[in-house]
Amino acid sequence: LVVPAMLSGEYVSEFKSLGEKIGILFQITDDIFDETGEFTVIGKTPHKDGNKVTAISVFGLDGAKEKARELYSECKKILSVIPNSEFLSQIVDYVYTRKN
């Protein structure tokens, strides 16, 4: 996300922030799937994170869901100032609402 912005000289800080937030949002939703999902839905063995530090172990399930909502909202806010960002907005929607 950042390299094209750097080449164009526009929205560099916005794209950097967006990339960081999308990455964290993806990881939190993955942690939620591991905690709540079933193999037939998520396509991998759930509850494998065990004793790892995850969003669930740090925030709890409800807290992780709230953090995901906050990050989703922040991503959408960033995209609202970047013209022609509909495709990126769809990616953010997918990362937030995906089921596997």
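Helix H2 (12-36), helix H4 (55-79) and helix H5 (86-97) each put at least two residues into the lining of the largest pocket. That pocket holds about 220 Å³ of space, and H2 is its top contributor, with four residues. Keep in mind that this is a predicted model. The protein chain has five helices and zero strands, and three salt bridges turn up in the count.

**The largest pocket**

- Which residues line the largest pocket? The list runs Thr29, Ile32, Phe33, Thr36, Lys65, Ala68, Arg69, Tyr96, Thr97, Arg98 and Lys99.
- By type, the lining splits into four nonpolar, three polar and four charged residues.

**Overall fold**

- Going along the sequence, the pattern of the protein chain reads α-α-α-α-α.
- The protein chain has 100 residues, and 32% of them are buried.
- One of the buried ones is Ala5, which sits in helix H1 (residues 2-8) and has a relative accessibility of 2%. Ala5 counts as buried because that value is under the 20% cut-off.
- Ala5 and Lys16 are eleven residues apart along the chain, and their C-alpha atoms are 8.9 Å apart.

**Salt bridges**

- Lys21 pairs up with Glu74, with 2.9 Å between the closest N and O atoms. Lys21 belongs to helix H2 and Glu74 to helix H4, so this pair ties together parts of the chain that are 53 residues apart in sequence.
- Are the two partners buried, partly exposed or exposed? Lys21 is partly exposed at 21% relative accessible area, and Glu74 is also partly exposed, at 31%.
- Lys76 and Asp93 meet through their side chains in another salt bridge, at 2.8 Å from N to O. Here Lys76 is in helix H4 and Asp93 is in helix H5, so the pair ties together parts that are 17 residues apart in sequence.
- Lys76 comes out as partly exposed, with 25% relative accessible area, and Asp93 is partly exposed at 25% relative accessibility.

**A nonpolar patch on the surface**

- Val53, Val58 and Phe59 make up a nonpolar patch on the surface, and together they have about 330 Å² of accessible area.
- Val58 is part of helix H4.

**Backbone angles to check**

- As background, most residues other than glycine have a negative phi.
- Tyr11 has a positive phi of about 60° even though it is not a glycine. Tyr11 sits in the loop between H1 and H2 and is partly exposed, at 29% relative accessibility.
- Asn84 also has a positive phi, near 55°, and is a residue other than glycine. You'll find Asn84 in the loop between H4 and H5.
- Is Asn84 buried or exposed? With a relative accessibility of 72%, Asn84 counts as exposed.

How values were computed
Residues are numbered from 1 along each chain as its sequence is written. This is a predicted model: local features need pLDDT of at least 70, side-chain atom pairs count only at pLDDT 80 or more; totals for chains, interfaces and linings use all residues. Side-chain values use heavy atoms; hydrogens and water are left out. On a 1 Å grid over the protein atoms alone, a cavity is a set of points where a 1.4 Å probe fits but cannot get out, and a pocket is an open set with protein on both sides within 12 Å along at least five of seven lines; lining residues have an atom within 4 Å of a point. Grid points are joined across faces, edges and corners, and a volume is the space filled by probe spheres set on the points. Ala, Val, Leu, Ile, Met, Phe, Trp, Tyr, Cys and Pro count as nonpolar, Asp, Glu, Lys and Arg as charged, and the others, Gly among them, as polar. Patches are made of residues with over 30% relative accessible area and no salt bridge: like charges are joined within 9 Å, nonpolar side chains (Val, Leu, Ile, Met, Phe, Trp, Tyr) within 5 Å. Accessible areas come from the Shrake-Rupley method with a 1.4 Å probe; for residues, only the protein chains shown count as cover. A salt bridge is a side-chain nitrogen of Lys or Arg within 4 Å of a carboxyl oxygen of Asp or Glu. Buried means under 20% relative accessible area, exposed over 50%, partly exposed in between (1.4 Å probe, protein chains only).
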